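This report describes how chains meet in one structure. Please look at the sequence and the model before reading on.

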Number of protein chains: 4
Amino acid sequence: MDDDLCDALSRVVSARYVSRAKQNANAVDGVFKRLSSSRAMPKEPLGDDVIELMLHRLSSMDSNNFIGNVGVGEREGRTFSSLVRRRCFGMTHGIGRSGDVAAEQPKACGSSLANALCGFLARDALKLAGMRDVGKRVLVLPTATGMTLTLVLTSLKKQRGVEGRYVIWSRLDQKTCVKAVTCAGLEIVVIEPVLRGDQLETDVEAIERAIENLGSERVVAVVTSTSCFAPRACDEIEKTAKMCERLDVGHVINNAYGVQSRALCERVNKAWTVGRVDAVVQSTDKNFLVPVGGALVCCGKRNETLIDEVATNYPGRASAYASLDLFITLLSMGEKGWVRLLTERETLYEYMREELSKVAEEVGERMLETPGNPISMAMTLSCAQNVSPTMFGSMLFSRLVSGTRVVTPGETKTIGGVEFRGFGASHSAYPHTYFTAAAAIGTTHDDVDRFAAILRKTFLEFKVKAAASAAAS
Amino acid sequence: MDDDLCDALSRVVSARYVSRAKQNANAVDGVFKRLSSSRAMPKEPLGDDVIELMLHRLSSMDSNNFIGNVGVGEREGRTFSSLVRRRCFGMTHGIGRSGDVAAEQPKACGSSLANALCGFLARDALKLAGMRDVGKRVLVLPTATGMTLTLVLTSLKKQRGVEGRYVIWSRLDQKTCVKAVTCAGLEIVVIEPVLRGDQLETDVEAIERAIENLGSERVVAVVTSTSCFAPRACDEIEKTAKMCERLDVGHVINNAYGVQSRALCERVNKAWTVGRVDAVVQSTDKNFLVPVGGALVCCGKRNETLIDEVATNYPGRASAYASLDLFITLLSMGEKGWVRLLTERETLYEYMREELSKVAEEVGERMLETPGNPISMAMTLSCAQNVSPTMFGSMLFSRLVSGTRVVTPGETKTIGGVEFRGFGASHSAYPHTYFTAAAAIGTTHDDVDRFAAILRKTFLEFKVKAAASAAAS
Amino acid sequence: MDDDLCDALSRVVSARYVSRAKQNANAVDGVFKRLSSSRAMPKEPLGDDVIELMLHRLSSMDSNNFIGNVGVGEREGRTFSSLVRRRCFGMTHGIGRSGDVAAEQPKACGSSLANALCGFLARDALKLAGMRDVGKRVLVLPTATGMTLTLVLTSLKKQRGVEGRYVIWSRLDQKTCVKAVTCAGLEIVVIEPVLRGDQLETDVEAIERAIENLGSERVVAVVTSTSCFAPRACDEIEKTAKMCERLDVGHVINNAYGVQSRALCERVNKAWTVGRVDAVVQSTDKNFLVPVGGALVCCGKRNETLIDEVATNYPGRASAYASLDLFITLLSMGEKGWVRLLTERETLYEYMREELSKVAEEVGERMLETPGNPISMAMTLSCAQNVSPTMFGSMLFSRLVSGTRVVTPGETKTIGGVEFRGFGASHSAYPHTYFTAAAAIGTTHDDVDRFAAILRKTFLEFKVKAAASAAAS
Amino acid sequence: MDDDLCDALSRVVSARYVSRAKQNANAVDGVFKRLSSSRAMPKEPLGDDVIELMLHRLSSMDSNNFIGNVGVGEREGRTFSSLVRRRCFGMTHGIGRSGDVAAEQPKACGSSLANALCGFLARDALKLAGMRDVGKRVLVLPTATGMTLTLVLTSLKKQRGVEGRYVIWSRLDQKTCVKAVTCAGLEIVVIEPVLRGDQLETDVEAIERAIENLGSERVVAVVTSTSCFAPRACDEIEKTAKMCERLDVGHVINNAYGVQSRALCERVNKAWTVGRVDAVVQSTDKNFLVPVGGALVCCGKRNETLIDEVATNYPGRASAYASLDLFITLLSMGEKGWVRLLTERETLYEYMREELSKVAEEVGERMLETPGNPISMAMTLSCAQNVSPTMFGSMLFSRLVSGTRVVTPGETKTIGGVEFRGFGASHSAYPHTYFTAAAAIGTTHDDVDRFAAILRKTFLEFKVKAAASAAAS
């Protein structure tokens with residue numbers, strides 16, 4: 001708010017009120033300045049009003065929104081629907097250019113700023129979560145984890161040269177992981193985790209053997225995962241990193257929803273300190289409470305050129321939505337809000353585990369011992385003897401509980417040409433039927449209480465059904 | 001966007017793109033500056049993006065929205081619901097102060113600016129519509145026409161002194177007018193218009209007689225109306241103005257939806273040139289396509305102190321919604337859009353009259369001759385002999401036509417203690433049954449076409465019913 | 001969601017997912033049904049998504065939003081600006097009809113429903129706050145407290161007959177109260193409160209003497225207030241109620257922001273049990289955290305016809321904004337949220353008083369003893385000897401504290417022809433300079449902490465200035 | 001709106017108004033039903049209110065929005081920011097599942113419906129534009145044209161088997177096309193178009209020779225383009241299709257912004273009738289006036305399995321934004337609006353060409369003769385002899401004209417390892433300096449008029465500069 005404007009407005013309302021208004025206008029400018037220089041999340045959360053003002057100012061920096069603009073190109077950022085226009089705040093040009101998906105766009109200064117600032121904030125958010133040496137640059141991609149893994153693997157393959165053909169993967173039963181590899185035009189080699197107690201742990205030796213068998217030059221990367229459904233534990237990423245370094249093989253960590261766990265971030269941190277980690281991929285929706293559709297890629301210090309390779313590998317422009325969602329959200333959280341969310345989740349995990357343990361004891365089940373999984377937990381469903389365990393899941397869903405996952409050993413599924421015995425359990429012969437629940441970021445104590453209450457009722461009813469079914473058979 | 005901010009942003013994206021963005025930021029500042037200095041509508045319509053940016057900037061000028069503000073008063077503009085916050089753009093303090101409903105508020109510079117600028121724009125809009133000598137100030141009140149008339153009459157009564165007790169009113173059958181008078185603590189004296197041909201015209205002589213009978217010092221005002229349902233014509237406001245001047249009696253024109261008609265504006269213009277007009281009241285919703293809830297008051301040059309009296313008469317603060325709706329709308333129209341709307345309405349009136357005349361001829365009815373009403377028109381419903389005419393209205397409504405009004409002579413109604421024979425027709429013995437339709441601002445050619453088509457079908461079906469009913473009786 | 005629709009959608013996605021969706025559609029219908037039958041706030045807060053869906057459904061019930069509607073009336077609810085349309089959710093017809101400001105509108109079923117339901121919710125909210133016998137009907141008016149008082153007094157005057165001319169008012173230094181009386185065409189008689197200790201209390205005897213002097217038939221009402229700035233206490237509304245009953249004089253309680261205090265609600269409750277209370281007026285913005293512009297009127301059981309009189313007295317339609325803001329807010333709070341807000345405020349009051357007492361002690365000032373005011377509190381500003389006390393307020397404001405009010409004895413002001421000595425203090429000779437702060441609904445512990453911190457700094461700096469000024473003089 | 005609900009609401013407002021409201025509720029249901037059964041665009045445009053109601057209803061069908069839902073999974077569709085929540089209408093689960101990017105999601109019935117319906121509408125929109133035999137299914141991908149081409153080529157490569165290694169591409173100077181091929185892990189073979197008159201036309205023979213040289217089994221596809229910058233013409237897609245059929249080579253048409261031209265759609269239509277077309281890719285933003293970030297893929301009847309292959313090839317979930325933007329936009333257009341936009345564009349092209357021809361003649365330039373390009377046109381810039389032609393572009397931009405593209409022969413650029421002489425012109429030795437402008441969908445007559453006016457001024461000034469520069473040198 002320059003002096004001329006103040007003068008003009010002072011002809012309409014009192015100069016001293018205008019001068020106070022100017023003070024706040026300067027404060028809003030100050031937010032932009034601080035973001036640009038500190039490249040870090042604001043300490044305090046910003047209110048929606050401030051964020052919206054910032055977005056409208058950014059929007060007014062895109063040429064399609066210039067007052068009096070005449071567009072005669074083939075793409076002028078026009079929108080037909082005002083509903084659509086509103087949801088992108090008039091920033092219609094997307095992100096990136098043909099050369100780099102994070103590059104600035106000449107026609108869209110505001111969109112470019114939002115995207116660039118988002119990259120800085122995302123990098124800071126990862127650091128605050130515990131991934132301290134996150135590398136020079138964090139890439140915010142408008143693709144969810146699966147497609148992002150594909151892009152990373154494609155880029156890594158280019159880097160590693162023509163012989164690269166295989167990806168070795170520590171089994172984690174989600175189709176997406178398999179398809180991320182095949183979509184990259186690579187072949188997947190599945191290494192099943194080993195069962196120790198209740199827990200499924202990385203078979204590092206088997207991975208090493210596989211590399212040796214295939215020849216390290218033909219292996220583009222080992223893909224490990226941090227976050228996963230219990231009873232699978234976080235992979236032994238540190239050991240794997242050391243081994244990959246030793247054998248000169250790429251190593252990509254699928255840190256899908258691991259950012260929300262200090263323990264997992266710490267392990268990533270350690271992994272890229274002690275060994276080789278080429279890239280770490282994380283979901284924006286699962287960690288940052290935004291809609292599905294984005295992922296963050298970072299490379300630590302080990303393969304700093306890879307991050308640029310991924311950015312330049314992306315062909316053409318892309319949607320700005322994921323980046324803008326994250327930008328808004330990180331401003332809205334502020335450092336304080338983000339750290340509080342992380343801390344609350346840690347507490348929540350303990351609380352959920354305690355409450356579920358109580359339920360388990362009451363109903364004659366037990367929690368599986370999975371100390372290596374700080375997010376997901378599993379309870380046995382040993383009572384499901386005469387009735388289909390999946391009915392238990394349906395009963396929960398109809399009582400408005402979503403997100404539990406009932407797993408029965410024994411199913412076989414073929415995905416991308418690979419056969420998975422015991423699909424769902426990440427193991428071909430897991431000894432228990434169980435269901436999982438997650439203490440994910442954003443879950444509340446109230447959620448846990450209501451879940452536990454519904455669980456009690458459901459067990460009761462389920463056992464009645466099971467008994468009836470046993471009697472009938 | 002000052003140089004410091006440009007520098008900061010230039011560390012994130014290219015300086016030359018930032019400098020182009022600055023060019024547009026200056027253009028947005030320029031809009032504020034021009035509004036403040038010209039006090040007139042912008043020539044060109046402004047896009048929603050620009051308007052929204054302006055609103056968010058204004059909002060950031062209210063102290064409750066200052067970053068870091070700590071409110072410890074009894075009214076700090078807090079909102080509980082984000083939906084509510086959004087719909088007022090965070091401008092929660094309303095308008096006015098205890099001293100004047102249009103006064104600026106120390107805590108709410110942005111809201112005050114919006115309200116003050118709206119007053120300027122509204123004044124300009126009235127002038128562009130043809131009310132050239134609108135006076136120094138136009139008041140945007142957060143009350144619809146009825147309550148606004150009450151406030152004007154209350155203020156006028158104060159001005160005219162203790163003896164004022166009566167309001168003489170040229171009959172127009174809407175309850176609101178009667179209640180506007182009684183709510184002001186005044187008594188209404190109804191003067192019925194005279195029937196000339198099809199048209200109902202002001203009985204100026206009867207008004208004069210009434211004043212003489214009551215004593216002019218006891219008459220606060222004569223209230224005339226411009227816009228009304230056909231077959232009533234616009235009142236003889238020029239003659240009434242002259243008479244009021246001669247007899248030293250107040251004169252308030254209810255110009256409810258007359259702003260949209262050049263002919264009516266011209267007559268108001270003439271009235272306050274040739275005689276006495278204390279205040280003219282117009283609806284915001286009916287003339288400016290905003291939601292119900294606001295009115296404009298202007299006083300011409302005749303009673304310039306009255307407008308301030310009305311403003312200071314209003315006790316305390318008031319809702320900013322009506323003012324903000326109008327502000328947004330006038331920016332969105334621009335002078336060009338507003339003038340085009342007015343012109344289109346004139347054309348539309350002719351078109352509707354032609355199309356309805358065709359229908360009338362086809363079905364054996366006729367349009368009532370009402371040259372003194374440039375907005376509303378009426379068609380006879382002589383076929384409604386054996387069936388209730390109101391059924392005709394219902395049939396239209398169920399075919400999705402809203403806004404027609406079927407009038408049957410003969411009903412008597414008592415409002416505020418006053419008996420109205422032939423209520424609905426503004427006359428105690430109007431000779432025809434008819435229905436009305438209006439060529440109001442915003443109506444489209446497509447509306448007229450669809451209306452005419454539905455009308456044809458409805459007449460057909462109605463006549464069948466009437467015939468059946470006649471046969472049955 | 002009827003079966004036909006389920007079938008249709010099941011041709012696009014799986015029938016079992018559609019059937020789950022139907023379950024939730026039924027739940028949303030259930031909200032409408034419960035509101036309609038219980039006429040009470042929902043127990044649990046509703047999310048913004050649900051509320052917005054409800055609003056869009058209500059909007060689709062207004063005829064201007066019917067698919068295929070053809071409007072040919074003079075008022076068809078058209079909007080020019082999509083920004084404006086959005087902020088009223090397409091409900092443009094306002095509220096009320098000429099007969100009653102709360103009456104349903106034939107063209108606007110949805111708007112009418114929203115307004116009627118809001119009345120029920122508001123009534124319930126008052127009851128939950130402690131005003132148990134609130135009467136059959138609570139009126140939500142689109143006018144702030146001042147104008148609403150005017151409307152109530154106008155209606156009461158009508159009820160009480162032609163001789164009514166005076167309003168006796170227990171002094172409370174806000175211009176609005178005075179103007180509310182004069183705008184109703186009545187004369188105000190000011191009765192100054194008496195000073196007891198630090199506190200200003202109602203001079204009930206003086207009010208009684210005034211009534212006797214004027215003649216009770218000429219007194220329309222005594223106006224008392226509950227909520228006010230310390231050191232003024234809540235008026236002795238119970239004693240006044242008894243006296244008004246005895247003397248057959250109207251009694252209107254200005255309960256502006258008293259709903260938020262259980263103590264004040266309890267006193268209102270007692271007043272209309274033990275004596276005469278014709279109407280109680282409360283602000284929507286100050287009690288319910290909505291924008292300025294609405295008020296609630298209730299009449300208890302004493303004068304049940306008055307509430308209808310106020311509704312029918314209002315001339316014509318009115319803005320729906322205030323009603324809709326309150327409707328949204330009360331759904332968003334739910335009973336649980338509303339009660340929590342009230343409880344938190346009580347706690348906050350104690351906390352603020354403690355924290356300010358600490359500051360006062362540190363800086364050599366003291367809190368005024370005002371046990372009769374459960375919302376506002378005051379601290380002496382005895383250090384303001386050589387410098388203008390108002391500078392203290394400015395210093396706070398520039399440090400982003402809004403809402404404190406510095407009062408220096410001695411100023412004289414004339415409002416509506418009445419002279420007020422010592423204006424601001426509600427007393428002609430209050431012995432202290434002081435400033436006030438309020439523990440109003442929505443204030444947080446963090447607000448108090450920041451306020452106390454800023455206060456400490458400001459006192460320090462202020463004393464330096466005062467010392468410098470003393471040295472200089 | 002079932003009978004129970006009507007009854008409940010009828011206790012609050014009159015039953016007959018509720019029954020009218022029900023009529024419209026049925027009309028909204030009817031829209032859903034018709035979309036589900038006709039799988040076509042609605043004939044008439046839908047208003048924003050109706051669309052928003054539909055979106056909120058769809059949103060309420062996603063389990064994360066169920067009233068009372070308890071989420072205990074790792075991904076529960078939570079959002080932190082209400083701004084973010086609002087822009088996705090609470091539909092946070094994205095689209096697709098690991099098995100198919102267009103598959104329905106168990107937790108997100110509403111999102112799934114929106115996505116599925118969008119696919120139907122998009123298919124209909126392509127047919128209405130002239131691509132009559134568009135195939136059984138149109139895929140709406142959340143990736144812009146470049147990445148979508150990559151996905152299509154990847155899928156086609158899988159289909160064609162392990163030997164596929166090359167893509168033959170009729171040169172069109174945009175980096176994205178090159179990178180789309182390399183990102184798919186394929187090698188690009190560039191075939192330069194031939195210059196005929198002013199126009200650049202496909203060198204079909206050279207393509208055929210290249211296929212023969214490389215071996216057809218090693219060629220995954222020929223990639224041709226329809227829409228492009230003049231003076232390049234639409235590729236000879238019919239001849240290429242015949243040749244690809246003959247040689248058993250894949251053929252992918254990049255129809256980036258060709259949907260908006262009836263001529264180009266007709267050519268696509270003919271191509272897949274007379275020969276081989278495996279897939280056609282089109283941008284959503286350039287054709288449908290939505291933000292950047294989506295593309296449509298269709299396969300005609302030739303390779304019906306490919307479309308499923310592309311869908312299942314996509315690894316995991318994806319953003320729903322592109323699909324939702326398109327869904328909203330197509331509802332908002334209606335068939336009528338979409339067809340009108342297309343027709344207006346055709347007219348606009350003629351108008352722009354005429355107006356620019358006039359300017360060209362006045363300033364001593366000429367329009368390049370490019371009858372094979374129905375969207376883009378080019379004017380010589382022969383006056384740019386002594387000054388940099390790019391300055392001409394900058395001058396236009398600073399006068400608020402965006403979208404022109406100044407091309408000077410002679411620049412060489414290396415992209416993805418391939419050297420392009422004369423980059424920008426799609427030809428290594430184009431004989432003219434020129435600039436382009438496009439008559440793209442959404443451009444208005446007013447845009448053309450303002451463009452022409454600015455162009456005249458700019459030429460004048462540019463020539464002065466050129467003269468000054470010539471004098472100086």
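## Salt bridges in the whole structure

Over all chains, a search of the whole structure finds 137 salt bridges, a salt bridge being a side-chain nitrogen of Lys or Arg within 4 Å of a carboxyl oxygen of Asp or Glu. In general, side chains of opposite charge can pair when their charged atoms come close. One of these bridges links the side chains of A:Lys22 and A:Asp3, at 2.8 Å from N to O. A:Lys22 belongs to helix H2 (residues 15-38) of chain A and A:Asp3 to helix H1 (residues 3-10) of chain A, so the pair ties together parts that are 19 residues apart in sequence. Helices here (H or I, at least four residues) and strands (E, at least two) are DSSP runs, numbered from the N terminus.

The model is predicted: local features need pLDDT of at least 70, side-chain atom pairs count only at pLDDT 80 or more, and totals for chains, interfaces and linings use all residues. Residues are numbered from 1 along each chain as its sequence is written, chains are lettered from A and ligands numbered from 1 in the order in which they are written, and side-chain values use heavy atoms, with hydrogens and water left out.

## How chains A and D are related

Chain A is superposed on chain D by a rotation of 180° with 0.0 Å of shift along its axis, with an RMSD of 0.1 Å. This is the relation of a two-fold axis. In chain A, the C-alpha of A:Arg87 is the nearest to the axis, 2.3 Å from it. The superposition is by least squares on the C-alpha atoms of residues with pLDDT of at least 70 in both copies.

## The interface of chains A and D

In this interface, 90 residues of chain A are in contact with 91 residues of chain D, where contact means heavy atoms within 4.5 Å. The two chains bury about 7500 Å² between them, 60% of it on carbon and sulfur atoms. Buried area is the accessible area (1.4 Å probe) that two parts lose on being put together, summed over both. In chain A, the residues that lose the most area to chain D are A:Glu74, A:Phe80 and A:Arg87, together 11% of what that side buries.

Eight salt bridges are counted between chain A and chain D. In one of them, the side chains of A:Asp325 and D:Arg87 meet at 2.6 Å, N to O. Helix H13 (residues 321-363) of chain A gives nine residues, the largest share of the side of chain A that touches chain D. Another salt bridge joins D:Asp447 and A:Arg78, with the closest N and O atoms 3.7 Å apart. This pair crosses from helix H15 (residues 445-472) of chain D to the loop between strand S1 (70-71) and helix H4 (82-87) of chain A.
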